[in-house]
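Open the structure in your viewer and keep the selection tool at hand. The stops below follow one another.

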Amino acid sequence: MFSDAERCVYQKHQLLEVLCQLRFPAILKIENQSPYEFQELIRKDYPNYSVREERLPPKPGAQPGTPPTTVKNHQFISLDGGWKVNLTQDFISLSSHRYTRWEEFAKRLDRILAHLIGTYHPACFTRIGLRYINAINKKQLELEDTPWRELLMPAYLGLMGEEDVPENAFLKQEQTVSLMLPGGCRSNIKCGRGTLRKVHNKTRAVTEEAVFMLDLDVYMEGNTELSHVAPALNVVHGNADSLFRAAITDTLHDAMEPRQI
């Protein structure tokens, strides 16, 4: 289930989105004041700003009819829309639809965390999570005639891995797994066949393509000192990288055009 292969960068990666979220003990200043100081520090890279009110789930034991609690979610987005920072009273996140490699992502994240720490001084981080959402598309990789069992390892395919049942016989196939990983990490894995809807910019026409979703959410819980965030992130990333490489076959690996780092 884990791979010790050397890291690489895929020229034809199948990522929809990469997201890193760090949670911290609630800072009411973020909820009750506009984050203008923080915005000034990141506005050059993330100039587009918006805020929305989000409902929190009811607390255990809450009486029926209790008004819902809301929290402000501040969003700072790059001009091209490919990068987004979210800030609430108890978490900060960086997400991207233009992910290329971990080093670039980590560099951006490091700057954002430095500004968060310098502005709001969180006591620690209570959860550090990194999520890779892949939508593996045979058509895009010119593998339309290749069965999924030759692209993904059997554990991720379930019954779809059986040779005596055609792939198109499955109306739905998905699985969710939670497990412990090395280095004190945990992971939630969601995978299965899905449909990717695309809206074309010029014609606004909608097309649908069959994909295999591989959603890897790797995280570390517990109080992490500010000075230990970078090592913790490296452990989380290392586990995510190992999980992905072990989930795919050499056929899929080669089709995504790997380049050694």
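**Stop one: a histidine and its contacts**

Select His-115: apart from neighbours within four places in sequence, His-115 is in contact with Phe-38, Leu-41 and Ile-42, contact meaning heavy atoms within 4.5 Å. This is a predicted model, in which local features need pLDDT of at least 70, side-chain atom pairs count only at pLDDT 80 or more, and totals for chains, interfaces and linings use all residues. Residues are numbered from 1 along each chain as its sequence is written, and side-chain values use heavy atoms, with hydrogens and water left out.

His-115 and Ile-42 are 73 residues apart along the chain, with 7.9 Å between their C-alpha atoms. His-115 has a relative accessible area of 25% and is partly exposed (buried is under 20%, exposed over 50%, partly exposed in between; 1.4 Å probe, protein chains only).

**Stop two: Phe-38**

Now select Phe-38. Not counting residues up to four places away in sequence, Phe-38 touches Phe-76, Val-85, Leu-87, Ile-92, Ile-112, His-115, Leu-116, Thr-119 and Tyr-120.

His-115 lies in helix H3, so select residues 102-120 for H3, then residues 229-247 for H5 (helices are DSSP runs of H or I, at least four residues, numbered from the N terminus). The H3 and H5 axes come within 12 Å and cross at roughly 150° (axes are lines fitted to C-alpha atoms, for helices over the stretch in contact, and angles run from 0 to 180 degrees between N-to-C directions). H3 and H5 are therefore roughly antiparallel, the term for angles over 145 degrees. Trp-102, Leu-109 and Leu-113 of H3 meet Val-229, Leu-233, Asn-234 and His-237 of H5.

Technical notes
Helix = DSSP H or I, 4+ residues; strand = E, 2+ residues; numbered from the N terminus. Parallel < 35°, antiparallel > 145°, perpendicular 65-115°, else oblique.
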